[in-house]
Amino acid sequence: MILTDDQRALRDMAEAFARKEVMPIANQIDMEERTPDSLISKAAEFGLYGLYTPVEYGGAGADMVSVCLVCEEIAKASPAFAGALTVEMILCPAAVAILGTEEQKQRILPRSASGERLMAYSQSEPAGAGNVMEHLTRAIPDGNGYRLDGSKLYCTQGPAQTYLVMCRTRDKDGKEGFGCVIVEREAEGLHIAPYEHKLGWRGTNTGPIAFDNVRIEPENVLGDLLTGGFSHRAANHANLLGHVATSIGCAEGLFDLTLEYVKDRRLYGRNMSELQPISYWMAEAWAKIQACRALLYDTAAAFDRGEMQPATSNACKAFIGDACFEICCKLLQMWGGSGIMDSTGVNRYMRDAKAKTIAEGASEMHYAIIANQLFHNSPALVPPQTFVKGAA
Ligand SMILES: Cc1cc2nc3c(=O)[nH]c(=O)nc-3n(C[C@H](O)[C@H](O)[C@H](O)COP(=O)(O)OP(=O)(O)OC[C@H]3O[C@@H](n4cnc5c(N)ncnc54)[C@H](O)[C@@H]3O)c2cc1C
């Protein structure tokens with residue numbers, strides 16, 4: 001697709017930022033399973049966390065195509081850092097912008113956009129991330145507010161200060177629903193367990209959190225108490241697209257390193273790139289990456305126009321996520337034993353690509369959503385409203 005001058009300029013700036021600030025420490029983030037505070041500060045200064053936040057709340061109000069370009073560039077250097085970024089930059093601010101009252105937007109968005117108080121999104125539970133009606137975390141009426149009880153799995157939180165927690169809800173008349181509440185890190189009764197060691201997306205501090213009678217004031221219910229957990233679909237769709245851009249960046253990052261490697265490496269008296277299967281695999285990987293980019297950016301542009309077809313973000317997530325993992329597996333094969341050794345710093349791309357096929361919903365779940373649309377015309381899949389254009 002043809003980019004505007006602004007989109008091209010932003011992409012180039014993100015590429016320069018990723019090369020200078022992210023790439024040199026990307027292996028360290030993976031090996032030490034920790035993102036240095038200095039990188040968070042530099043990302044904040046660069047404006048990454050506010051990129052998708054509306055201008056009136058301290059952000060840049062960028063369109064989805066621009067957001068995807070930035071996510072792609074950052075992921076070429078560190079797909080793990082980029083993975084957490086989509087939640088902080090897209091999903092959480094968009095959910096607040098869509099569901100929040102004016103007071104909530106003023107209170108939360110400027111501080112998340114500046115990086116002062118980043119946000120985390122907490123939904124997954126042992127019953128299955130998407131199986132929300134069997135979730136056990138509940139907000140129960142208590143005086144003029146609520147109290148939150150339960151626990152969550154796999155919350156990617158890094159240095160997050162503000163948590164958006166999806167929970168079963170009950171109003172004062174006993175009516176049940178699925179809502180979203182805001183919990184600040186300082187809240188009494190919020191317990192953050194040590195993060196999990198994981199295969200990919202390392203350094204993003206993913207782990208369980210628990211709520212023990214956490215007091216929720218009325219002003220910390222986000223959106224309708226009974227439907228808030230379901231009614232920020234535009235935020236979820238936008239986040240899926242940003243997430244997919246990081247899958248593509250992941251495959252491209254490994255592709256670029258592999259291209260240099262096979263050009264330089266001597267094998268059987270010639271450059272590896274002269275071995276026919278190698279040159280064919282590289283060409284095939286390149287073609288597949290171009291196809292993935294075409295699908296993503298076509299979808300992102302449709303999203304910006306408010307014309308995205310139902311379930312296309314799900315299609316991107318499942319199809320491109322799986323394709324990028326397969327591309328990474330093939331590319332890593334070309335490194336032989338050196339690809340398996342951590343010291344070369346390349347196997348993290350394959351591990352991160354795998355994590356991306358599960359995080360934000362496993363591919364099968366997204367295909368199940370598409371199937372539901374195809375065979376049952378599921379009402380949950382009506383085209384989402386665009387967020388940037390301000391529809392609530
Ligand atoms: C690195 C990482 C970061 C994460 N960060 C967060 C976070 O910040 N916040 C958060 O809330 N969650 C987070 N998650 C959780 C993530 O969203 C879930 O792991 C994911 O949605 C899958 O849910 P599950 O683990 O409960 O798997 P399950 O729902 O138990 O599914 C297991 C497997 O069953 C298959 N499957 C699932 N659904 C279907 C279906 N409908 N049809 C056919 N097959 C199906 C798939 O193969 C799937 O992998 C993170 C996960 C990872 C890996």
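1. A nitrogen atom of the ligand is 2.7 Å from an N or O atom in the side chain of Ser124. Thr156 also takes part, with a polar side-chain atom 2.8 Å from a nitrogen atom of the ligand. At Gly361 a polar backbone atom is 3.3 Å from an oxygen atom of the ligand. Of the 970 Å² that the ligand exposes when taken alone, the protein buries 64% (Shrake-Rupley method, 1.4 Å probe).

2. The model is predicted: local features need pLDDT of at least 70, side-chain atom pairs count only at pLDDT 80 or more, and totals for chains, interfaces and linings use all residues. Residues are numbered from 1 along each chain as its sequence is written, and side-chain values use heavy atoms, with hydrogens and water left out.

3. The ligand is surrounded by 20 residues (a heavy atom within 4 Å). The closest are Tyr121, Gln123, Ser124, Tyr154 and Thr156. This shell divides into ten nonpolar, seven polar and three charged residues; Asp, Glu, Lys and Arg count as charged, and Gly is among the polar ones.

4. Helix 7 covers residues 276–305, 30 residues in total (helices are DSSP runs of H or I, at least four residues). From first C-alpha to last, helix 7 reaches 44 Å, close to the 44 Å expected at 1.5 Å a residue (1.5 Å times one less than the number of residues). After helix 7 comes Gly306, with a positive phi near 75°.

Notes. Helix = DSSP H or I, 4+ residues; strand = E, 2+ residues; numbered from the N terminus. Polar contact = N/O pair within 3.5 Å; in protein donor to acceptor, adjacent residues only side chain to side chain.
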